[in-house]
Amino acid sequence: MSQPVRLGLFYAALFVGTGASSPYIPVWFASRGLSGAEIGLILSAPMFARAVTAPGIAMWADSFRLRRTPLILMGLATALAYGLLAAPFGFAWWFGIWFIANTILSTMIPLTDVIVFGRARRDGFNFGWPRGIGSVAFIIANVTVGALLAKFSPELVLVWITAAAMLAAGCARGLLPPDPVREGGAGSRLSERLAGLGDLLRDKHFMLAVVSVGLIQSAHAFYYSFSTLSWKQQGLHESTTGLLWGLAVAVEVAFMWFMEPWRRRIGPRNLLMIGGAAALVRWTVLAFSPPLWLVLPMQALHTFTYAATFLASLQLVERLSTPANASAAQTVNSALSGGLLMGVATIGSGWLFDAVGTKGYFAMAAMSALGLIGALRLYGVKRLDA
């Protein structure tokens, strides 16, 4: 089996779980009687903390000899946490256990990106191919779980994501290459890892890039957390919601697999501008609760609002970091995109959903506009001209 396929299958093991949890865990929490604001608090708490937890976990991961070892341990820990989530101990329990599970799982993805992006550069394959395989698994989970929820209880969501986390742990051992964290296979000292992280946080150009990306990516918060519930209020069936989520990821996969020459030609700064502009349009239109025929093209814009922005961020972060702090750089990027900024947007989304319903998308459009302003400023960064 070729290396890109093996790496893609590991992404699939990760995303077959997130493809169920992202759209449907709010449904599971709602079935427990939680309000939109309470769901927003639970979902946003690990995101707020990710600015600290993600770099911390990255430094811990870099203490191992091989990059795959911490991913094995993290998959097992996530499965255990999901299992504990089933206990009916109420809001405080679900808050704490979800915090642990989501914190661990969300950090597995950028740590995997470091392995795959490095391999793609060294071995000469398109990073989008293995990542796209993971996105296909995300679609399958979206559609399958959406269809099953039409017949079965929301407990299905928890069973699915627990099994997926166990699968990810096994695949980390069986599919990921034994790539060393450092050349020669030696571990790094804590002081070296802290110094690398400090260099990144003091780099104004690096921080401008990751904050700009973070604003555009975090503008997905209302969609991720409340699109399923808002579409349900509009009369759309769960199976239709699964298809809408699947469409969004399908165009993402097409972009990653077939648009690589165009992506390389246009460059990461231009790609980020396109992603931000598409986000501004997408969230503004969805704020008006459009009919299904108009929701469909807005979902297709996911290819730019997410995929283009994500791939631009990987290249920007790589150019603004060094091999010694690559793990920390990608996790800081993820910590802002899916962490601190996403946390603010998610908790705000809960309050907005309770107060104004679908019009909460207007706040996401405003975040996208701010990200566009930051992206425009990146054209003055000389280090990105190469």
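**Ground rules**

I am working on a predicted model, where local features need pLDDT of at least 70, side-chain atom pairs count only at pLDDT 80 or more, and totals for chains, interfaces and linings use all residues. Residues are numbered from 1 along each chain as its sequence is written, and side-chain values use heavy atoms, with hydrogens and water left out.

**Entry: salt bridges**

I searched the whole structure for salt bridges and got five. My criterion was a side-chain nitrogen of Lys or Arg within 4 Å of a carboxyl oxygen of Asp or Glu.

I looked up Glu155 and Arg32. They form a salt bridge, with the closest N and O atoms 1.8 Å apart. Glu155 lies in helix H6 (residues 155–175) and Arg32 in the loop between helix H1 (3–31) and helix H2 (36–61), so the pair ties together parts that are 123 residues apart in sequence. I take helices from DSSP runs (H or I, at least four residues; strands are E, at least two), numbered from the N terminus. For burial I use relative accessible area: buried is under 20%, exposed over 50%, partly exposed in between, with a 1.4 Å probe and protein chains only. Glu155 comes out partly exposed, at 31% relative accessibility. Arg32 is also partly exposed, at 30%.

Next I took Arg131 and Asp113. Their closest N and O atoms are 2.7 Å apart, and the pair is a salt bridge. Arg131 sits in helix H5 (residues 128–149) and Asp113 in helix H4 (residues 91–123), so this bridge ties together parts 18 residues apart in sequence. Arg131 and Asp113 are both buried.

Then I checked Asp179 and Arg119. This salt bridge has its closest N and O atoms at 2.5 Å. It links distant parts of the chain, 60 residues apart: Asp179 is in the loop between H6 and helix H7 (190–202), Arg119 in helix H4. Both residues of this pair, Asp179 and Arg119, are buried. I followed the shared partners, and Arg119, Arg122, Asp123 and Asp179 join into one network of salt bridges.

**Entry: helix H6**

With 21 residues, H6 should span 30 Å, and its end C-alpha atoms are 30 Å apart, which agrees. I listed its buried residues; among them are Val157, Leu158, Ile161, Cys171 and Leu175. Their cover includes H1, helix H3 (68–85) and H5.

**Entry: Gln299**

Which helix holds Gln299? I find Gln299 in helix H13 (residues 292–300). Gln299 counts as buried, at 0% relative accessibility. Its side chain makes a polar contact of 3.0 Å with the side chain of Tyr223. I count a polar contact as a pair of N or O atoms within 3.5 Å; within protein, one must be able to donate a hydrogen and the other to accept it, and residues adjacent in sequence count only if both atoms are side-chain atoms. A polar side-chain atom of Gln299 also lies 3.0 Å from the backbone oxygen of Leu244. Setting aside residues up to four places away in sequence, Gln299 touches several residues, including Trp231, Trp245 and Arg282. Contact here means heavy atoms within 4.5 Å.

**Entry: Ile133**

I placed Ile133 in helix H5. Ile133 counts as partly exposed, at 24% relative accessibility. From Ile133 to Ala13 I read 9.9 Å, C-alpha to C-alpha, across 120 residues of sequence. Beyond its neighbours within four places in sequence, Ile133 is in contact with Pro4, Val5, Gly8, Leu9, Ala12 and Trp257.

Notes: The expected span of a helix is 1.5 Å times one less than its number of residues.
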